[in-house]
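Colleague: I have some questions about this model. Could we go through it together?
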Amino acid sequence: MDNQDNSRRSFLKKGFASTAFAMLATTGAEAFSLQIPGRDKKDPKHIGQVGKHFVMVLDLRKCIGCQACTSVCKVENEVPHDQYRTFVTETEMGEFPDVRKGFLPQLCNHCDDPACVPVCPTGATFKREDGIVVVDNEVCWGCGYCISACPYDKRYFNKRTKTADKCNFCAQRVDKGLMPACVETCIGGARVFGDVNDKNSEVYKLIHSFSTSVLKEAQGTHPQTFYISLDSRIEELFSTTQSLDDIVKAEEGFKSEWEKTRAEAHNHG
Amino acid sequence: MDNMQHFLTLISSITIEKPWGIDIPNYFWFTGSSAAAFIISSFAHVFGWKKYKPIAGVSLLMAFVLLVAAPLNLIDDLRQPGRILNFFLYGWEDFPTSPMKWGVLLLMAYPILIFFEAQALYRTYFVKKAQNSRGLARVFNMLFTFGNTDLSEAAMEKDHKKGYILGAIGIPLALAVHGYTGYILGAVHANVMWHTPLMPLIFLASAMVSGTGLLVILIPLFQRFLSERKKVDRDMVATLAKLLSWFIVADLVMRFLWLTFSLTFADGEKYALYQYFSLHFEDTLWIDYVLCLFVPLIIGFTKLRNIPSVVYFGGIVTAIGVWLFRWNTVIGGQEIPRTTPGFSHYTPPMYGQDSVMAVLSNWGILFALICAVLLIFPWDEEMQDCYEGVENAK
Ligand code: SF4
Ligand code: SF4
C-alpha cells in the first residue's frame with residue numbers, strides 16, 4: 001500500500017514536473033525573445049532588402065531652403081502637428097553687408113553604429129539589413145531612452161502613436177521601389193537617395209567624386225547621410241548656447257511670449 | 001506678426017524632445033535613498049557595528065518601502081505604460097548595452113532580498129505576536145514566520161546568519177540598484193552633462209547623502225511619536241549627523257572631480273557646460289552647495305550635531321539638495337542644446353502623467369507604505385530589545 005502510494009505520488013510529481021517544464025520550454029521560448037516577434041518571424045518589413053545599403057547624400061550647394069521636403073514628409077508619414085521627421089535649419093552667417101544664408105536639411109542619419117539602437121530595452125528600435133534604422137511602434141513602450149541617446153535630436157515621441165518616432169527613409173515606399181518622399185519632392189535635387197552597394201547608383205557616384213562630410217563625426221555613430229559642401233560654421237551652430245532669435249526677441253521685448261511658445265513646443269508633446 | 005514669431009521659433013528649434021520629465025529625478029532620489037538606508041542597516045547586520053543596531057531594522061524597512069514606491073515613477077513616465085510586459089519579454093539582445101534593461105533584474109531582485117532579510121530579522125517577533133493574538137491577526141502574523149515558530153537559541157542563531165548572508169549579498173545589489181541609474185545617464189554620449197564614467201559614483205555618493213538625510217528626520221520621528229520609548233535617542237541623531245558629514249565629503253570629492261574635468265579639460269563639450277553653469281551659477285552655488293551641502297557638513301563635524309533640531313534642519317536640506325541635484329542633472333542635461341542654438345526649458349505640467357501631482361502622489365504612496373510596514377512589522381519591540389541589550393551590556 002505504502003509502496004503504491006509512493007509510486008503514484010512520484011508518478012504525479014514527475015508528470016507535473018515534465019508538464020511544467022514542457023510548458024515553460026514551449027510558451028517560454030516563444031514569449032521571450034532576444035529581439036522582437038516581427039524580427040523573429042522574419043517579417044520583410046523588419047528585415048529589409050538584404051544585400052543593399054541605403055544612404056542619402058545631401059548636396060548643400062543645391063538646397064534653397066524651400067521646406068518642400070519638410071512638408072511632404074509630414075504628409076507622407078502622417079507626422080503630427082508641431083512634430084517633424086526632417087526639417088531644414090535656416091541660418092544667417094557673416095556680418096552685414098557680407099552675409100549669406102545657410103541651409104541645413106536634417107533627418108535621422110541611419111547611423112551605422114547608432115546610439116539609439118543598443119540602449120533600447122524592448123528591442124523596438126533596430127537596424128534593418130539594408131541599413132535603415134526603424135522603430136516598431138507596436139512594441140515600443142515609450143521609455144524615451146533612444147530619444148535621449150540620439151546625438152542628433154532626430155527622435156521624438158509621436159503624439160498620435162505615443163511611441164518613439166523618427167525618419168525611416170520612407171521604408172514603406174522604398175520597399176515598393178519608390179524614392180523617399182523628400183527626395184522625390186526636392187526641387188533643387190539636393191537630396192539623393194540610393195543603394196551605395198550598387199556602383200551605378202547616383203549616391204555611389206556622388207560619394208566617390210566629391211568630398212563629403214557627416215554631422216558630429218566625433219560622436220562615433222558613423223552617419224549614413226553624407227553632406228556635400230557642409231560649412232563648419234553651420235555645425236558650430238549646434239553648440240552655440242544663444243541664438244540670434246533669443247537675442248533679438250529679448251531685445252524687442254518678446255522674451256516672455258517667446259518663452260511661452262517655446263515651452264509649449266518643447267514640453268512633452 | 002504673431003504668426004511670424006511662431007514660425008521662426010519652430011524652424012529654428014525644431015523637435016527637441018525632453019523625454020525624461022519630473023518623474024525621473026524623483027525616481028533617482030527614491031532608489032538612491034533606498035540604497036543608502038540599506039547600507040546603513042548593513043552597518044549592524046553585516047559589519048557588526050553595534051552602535052547602529054537599534055536603527056538597523058527600521059532602516060531596512062525604509063529601504064524596502066522606498067524601493068517599492070520608486071518604480072511607479074518609471075511606469076508613470078512611460079508613454080505606453082500598458083506595454084510594460086514588452087520590457088520583460090523582448091529585446092534581451094540589448095541587455096549588455098542597455099543599462100535600463102539591467103533594471104529588470106535589479107528592481108525585482110533587490111526588494112525581494114530586503115523582504116527576506118527583514119523576515120529573518122523579525123521572525124521571532126512575529127512568532128511572539130502570533131502567540132499573543134487570535135483570529136485573523138494570528139493568521140496574518142503567522143504568515144510572516146513562514147511557518148517556522150522555533151524560538152530556540154539555535155533557531156535565532158540561524159535567523160541571524162540568514163540576515164548576515166542576505167545583507168552581504170544585498171550591499172553590492174543596493175549599490176547596483178542605484179549605480180545603474182547613474183549608468184543610464186553616464187552611457188548617453190549625446191548628452192554633455194551626463195556623459196562621464198563618474199556618473200554612477202556621483203549618484204551613489206549623493207544617494208548616501210540623501211538617504212542619511214532622510215533617516216535623520218524619520219528615525220527621531222518614529223522614536224518620539226510611534227515607539228514605546230517615546231523619546232529620541234540623541235546620541236543616535238548625533239552619530240547619524242556625523243555620518244552624513246562624511247558622506248557629504250565623499251559627494252563633494254566626486255563632484256569636484258567631475259566638474260573640474262568636464263569644465264576645463266574636456267573637449268568641445270566644455271563650452272556648453274561652462275555656459276550652463278555660468279547661467280545657473282548663483283543658485284547652484286548658494287542653494288546646492290552652500291545651503292544643502294556645506295551647512296550640514298559643518299553641523300555634523302562640530303558640536304552642533306548634539307542639538308537635534310539643528311541636525312533635523314541639516315537632514316531636511318540635504319535631502320532637498322540632493323533632489324535638486326537630481327533635477328539639475330536630469331532636466332538640466334536635457335536643456336543643453338545638441339542640434340539647435342540656445343538652451344531650452346522644461347516646466348513640469350501640474351496635472352496628468354509625469355507632472356507635479358504625479359510626483360506628489362508618489363510621495364503619498366511612500367507615506368502610506370511607511371505606515372503599512374510600521375504597522376505590520378514589530379520594529380518597535382526589536383528596537384527596544386536592542387536598546388535594552390546595549391544598556392544591559394553596560
Ligand atoms: S541619427 Fe539618431 S536616431 Fe538616427 S540612427 Fe543615428 S542615433 Fe539613431
Ligand atoms: S522609446 Fe521605444 S524605441 Fe526608444 S528606447 Fe524606449 S522602447 Fe526603445
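Colleague: Where is the place of Ser148(A)?
Modeller: Ser148(A) lies in helix H5 of chain A, residues 145-149; helices (H or I, at least four residues) and strands (E, at least two) are DSSP runs numbered from the N terminus. This is a predicted model, in which local features need pLDDT of at least 70, side-chain atom pairs count only at pLDDT 80 or more, and totals for chains, interfaces and linings use all residues. Residues are numbered from 1 along each chain as its sequence is written, chains are lettered from A and ligands numbered from 1 in the order in which they are written, and side-chain values use heavy atoms, with hydrogens and water left out.

Colleague: Is Ser148(A) buried or exposed?
Modeller: Ser148(A) is buried, at 2% relative accessible area. Buried means under 20%, exposed over 50% and partly exposed in between, with a 1.4 Å probe and protein chains only.

Colleague: And what does Ser148(A) touch, not counting residues up to four places away in sequence?
Modeller: With that exclusion, Ser148(A) touches Pro19(B), Trp20(B), Val188(B), Ala190(B), Trp194(B), Gln334(B) and Arg338(B); contact means heavy atoms within 4.5 Å.

Colleague: Changing topic, which residues come nearest to ligand 2?
Modeller: Cys120(A), Cys140(A), Cys143(A), Gly144(A) and Cys146(A) come nearest, out of 13 residues around ligand 2. A residue belongs there if one of its heavy atoms lies within 4 Å.

Colleague: How many of the shell residues are charged?
Modeller: The shell around ligand 2 has no charged residues, but nine nonpolar and four polar. Here Ala, Val, Leu, Ile, Met, Phe, Trp, Tyr, Cys and Pro count as nonpolar, Asp, Glu, Lys and Arg as charged, and the others, Gly among them, as polar.

Colleague: What about ligand 1: which residues come nearest?
Modeller: Cys108(A), Asn109(A), Cys111(A), Cys116(A) and Cys150(A) come nearest among the 13 around ligand 1. That shell comprises nine nonpolar, two polar and two charged residues.

Colleague: How many disulfides does the structure hold?
Modeller: Zero, over all chains; a disulfide is a pair of cysteine sulfur atoms within 2.5 Å. For Cys170(A), the nearest cysteine sulfur is that of Cys182(A), 6.1 Å away. Cys170(A) is buried, at 7% relative accessibility.

Colleague: Lastly, in what order do the four strands of the open sheet run?
Modeller: The order is E8-E1-E10-E9 in chain A, with mixed pairing; two strands pair if DSSP finds at least two bridges between them. At the edges are E8 (191-195) and E9 (212-213) of chain A, each pairing on one side only.
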